[in-house]
Amino acid sequence: MSALRWGRGAAGLGWALWPAGRPGLLAEEGTLGGLWGCRRSSSASPCEQDRRRDWGHAELLEVLEARVRQLQADNVSEMRAKLLDVARIPEADGSQSPRKVEAGNEGAALGLTSRWAQKLHKEKLVMQKRRQKLEENLQKQARKHQLRVEPQLLNRQLAGWLQRWERSTPRSPWEEQLAQLLQEAPKRLSREEQHDQANRLSRMRYEAQQQRLLAFLECCVLADQLPLAHHVLVMHHSKSRQQRALTLPMYNTLLLGWARKGSFKELVYVFFMMKDAGLAPDLLSYAAALQCMGRLDQDASTIQRCLKQMAQDGLQLQELFTSLPLCKEDKAVLLRAVRKAEPTFLPLQPPLPSFEVNTSPLLKEIYSTDHPASFPKQHLPLETLKDLFQQQLSVEMATIVTVDSVEKAPSLTEEVLQARKTLQELRTRWEAELCLALQQTKAREAQAAREGRPSLFPYLCLLSEGELTQLMLQTLQVLSQQGESLLSLAQELGMRIFNRHVVQRKQLNDEVQALQERYFKYLHLLASDTQVVMSRLPRQHWEALGTTEASQDQPWPLTVVVQLGKQLAEVLVQTVKMPSNLAQLQDTQKLIPVLYHVYSFQSFRQIGILKPHPAFIQLLETAAERTMTFESAEVPMLCPPLPWTSPHSGAFLLSPTKLMRSLEGTIQHQRLLEGCPPSELHGALDALTQLGNCAWRVNGRVLDLVLTIFNAKGCPRLGVPSPASEAPRPSKHRLPANASPERKTELRRELARCLKVAREMHSLRTDALYRLSLAQHLRHRVFWLPHNMDFRGRTYPCPPHFNHLGSDLARALLEFAQGRPLGPHGLNWLKIHLVNLTGLKKRESLQSRLAFADEIMDDILDSADQPMTGRKWWMEADEPWQALACCMEIAQAVRAPNPAAYVSHFPVHQDGSCNGLQHYAALGRDSVGAASVNLVPSDVPQDVYSSVAAQEFVWQASHYLVRQVFNSLQEMFSSTRAIQRWLTESARLIARSGLAVEWVTPLGIPIVQPYHHDSKVSISGGIQSLTFCSSGDTNQKPNTLKQKNGFPPNFIHSLDSSHMMLTALHCYRKGLTFVSVHDCFWTHAADVAIMNQVCREQFVRLHSQPILHDLSRFLVERYCSGPRSTNAQVAKLQEMLLSVPKTGTFDLDQVKHSTYFFS
């Protein structure tokens, strides 16, 4: 069966892989060569020109020969005709040689006495030889460039076996060869074990190369370029040095690809290479072999032999269906093959993850079924939520969201209309030119892959040329006047291609329909008008609906992402041009590049920057187009997010999202999460799901005021950035010719300052424009903010531009979509919250703050009614926009007929007091420190800094005072300092042993510090060679300084994230709406008292665990066990780890009664 099948991703590009050769030259049918042709080109190499000249000469001789026949027929007698028969030149196939003609017709030779006939005869013989030589060279070149299918084995015995079998007649079946290969596999496994240490060192050395090659092979399979992947694998396998970098997953990728096509011969070739490389087949290898047999309907005996060998290798048949990430179709074919050998076989269903129980004592109540829970529902009915799901699905399938800009629209003058028309004409031209340039780029990359290099060709085949063109033009559209570094631009482009590919693949794999059916069932738990039999957490309910068939999307290596984006950026630079005179768009006009490449210094480093031409920027400003384009994952969701169920699955419907955000290219966090037992992550998964399930809406009154100021030149004092027109301008006066060097230096500094301020203003203005445009876009919508976490467990909203983690202005624009009646105490909490926002009564009691709010009620109401024309009291607050929003909410509440029944959507905050020191004081049971950070009940809030500050604050002594303050802090927090020293020294010794610091949070989240010495990665060629640093790989040497300095604060951050997650889960169980900004907790005004109680109880429960002793035990087991335990350095580390600091006598229960612990 033919092994070459082209798919959608390579439509029209088959010619790019054809070997150069004679047109119409056919390869053998049924091989990887397929049907190849030659590439047409407008220019030819000298060698190609010689070939064309030779073929031309041959054609000329044929014409002359025909003319000879014509002359003889017209002018010569019968005798002359006989002579012509004798002198007839042999055909090209050489069936009759010239000598035989002469030997048989000696008498007829006299007919060639004419001079022109002898010359013609001689030229014909020369051309025949040249034609034969040319055809031999073409055949050699065709064999050289043909995709290879048969492997070149380095093991002589194995190569001889394959060669003898190929030449034997008749050949034994391919199935027989596979059976013999599998029988020999265990011997290879033992050899691999003997050289395990060498292989481990080799893997460390070649890891980057391996990642890239594996990604290339996987991408070839996805782009339906399997023959090309096979060819590259064969070429790498045939060279001893390159073969060492090949891994079992690479061979398995090809095995699975050929199995899906039912190509048994090619599958056996891959097994030959596996055996030659000394690799034993694993479960996935056997699954591929069995799947191929199932597709080809092999006889039962062949399948039985395969199953028998699998059992001898210690692999269980049931694991084929429970342990492998196979799609539904693959499993069906696999089952068909297995049942042919074992008709009664029934695969076991994988256990539902929800049945696995988290054993953490901190989460016992959360997952207990003994006590009923009142989990909150969304405020929307089922049909509305279904409609919102369809809208969000459409957004993610489109991959982009177009939003109208909130900048003031210009008058549609003739100049503006002409600029827009010019832009449209240029874009139409650019689209055609970019598509052509991409075709040429693909052809070059295809040639590189044909030469055995893992090129960018399959990645460029994942999206159509039109889609890639739109991506590049969108990048050009949003490029700032100051430009952007080529490295960051390349990385962004590469990641956008990956994200689009993931979304498209899910659509092609029919995952969308399955997702919709499951999500509609899931909505019965959330909708306001439905009931479920058993009230569960969202993750538990989702998992109870069945196992997921969704594929796990492995990110591409960072080098591939950057190189792919760099290639597209260079195509953009070289292709996109515009007329030097925009008034005349003529083809004969001189064209100038729209983008140009320059170098600049940032932090003493020279970096390459792509900047748009000033004429193009001027054209954009004149056109003043009022649309902005965002990636779908950059915009809040229109329906509740998917619950987090694993490190791979959660948040957006189709767009890939990391559970743990990290620098691109780092894989250590993902490896830790994947190696963690699923139940250990339940606390974090459920907390992130709960935070994402909070529905939001835009505060329209605040938004209107902000937009008014934004379009009236802004107001930096209120956090509304001014436009670039308000930036300071350098002096316009000409510098006199006799100006002093000092004056010149002063002007240069002024110019640099003006440029710096202009760049900062542009950045702030753009950030505000994004936020306000999205707010206006979502003004009348309900939306959700899916969450993930950083490597310490701290949570963040995924959409970057519009969320509650932003500035005062960003927070003021948001309020809960679901309201809650204020109740008897809600209005008081609104008043206290307003005073907190002003920053005026930080040291006063809650009663004093409440009384102050009542005293200034006239100012509060004036601010709400006349924010821009009244007394403007709100503008003097520390957080002015949030204060204004709170004034408006209080005004509506006090004017309601029954304030207690007023439905409030306003979020009220409770902040921790020096939260890091609170955790240190609780860890060390430090009574003095605990009292200073409000862990102990008191009548007024305590301020740790005011407790130790000196009486006189003289500017000249400021540095001395700072030192004294921190010295006093160390004396007050003696236990805290001891814990810090212990953490720091432990991290230093761990890093010096060559390992990064790891630990597990009290909620079970595995953590590793991503601080390693940078390894430089270079991508050469093109307009600029890119060199960037990668510091997140565990194979790199840890950075001791960063490891030891980072461990204390990172460990404390992991504790405050654990406290927040516990509070979130228990508030959710009680039916509260809860969100957080790290150590600032938000809920409805009516529920502040309940949230405060939960917050204190969970802090006490968290620190009632032996946190430091658990950490010590984990670190000893992780770093001081096994073969390393006899090392003297390790012994010193173990001694340090076991010397856990002693604790004081502080009673944690006092926290439950401390009013100002969070306030």
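Tutor: Happy to! Buried residues make up 50% of the 1159 residues in the chain, where buried means under 20% relative accessible area, exposed over 50% and partly exposed in between, with a 1.4 Å probe and protein chains only. This is a predicted model, in which local features need pLDDT of at least 70, side-chain atom pairs count only at pLDDT 80 or more, and totals for chains, interfaces and linings use all residues. Residues are numbered from 1 along each chain as its sequence is written, and side-chain values use heavy atoms, with hydrogens and water left out.

The chain has 41 helices and 21 strands; these are DSSP runs numbered from the N terminus, helices being H or I with at least four residues and strands being E with at least two. Now to your sheet: three strands form an open sheet in the order 2-6-5, with antiparallel pairing. Strand 2 (484–485) and strand 5 (595–602) each have a single partner strand, so they stand at the edges and one side of each is left without a neighbour in the sheet. Two strands count as paired if DSSP finds at least two bridges between them. Strand 2 and strand 6 (residues 605–612) are joined in the antiparallel sense over two bridges. As background, strands of a sheet pair through backbone hydrogen bonds, either parallel or antiparallel.
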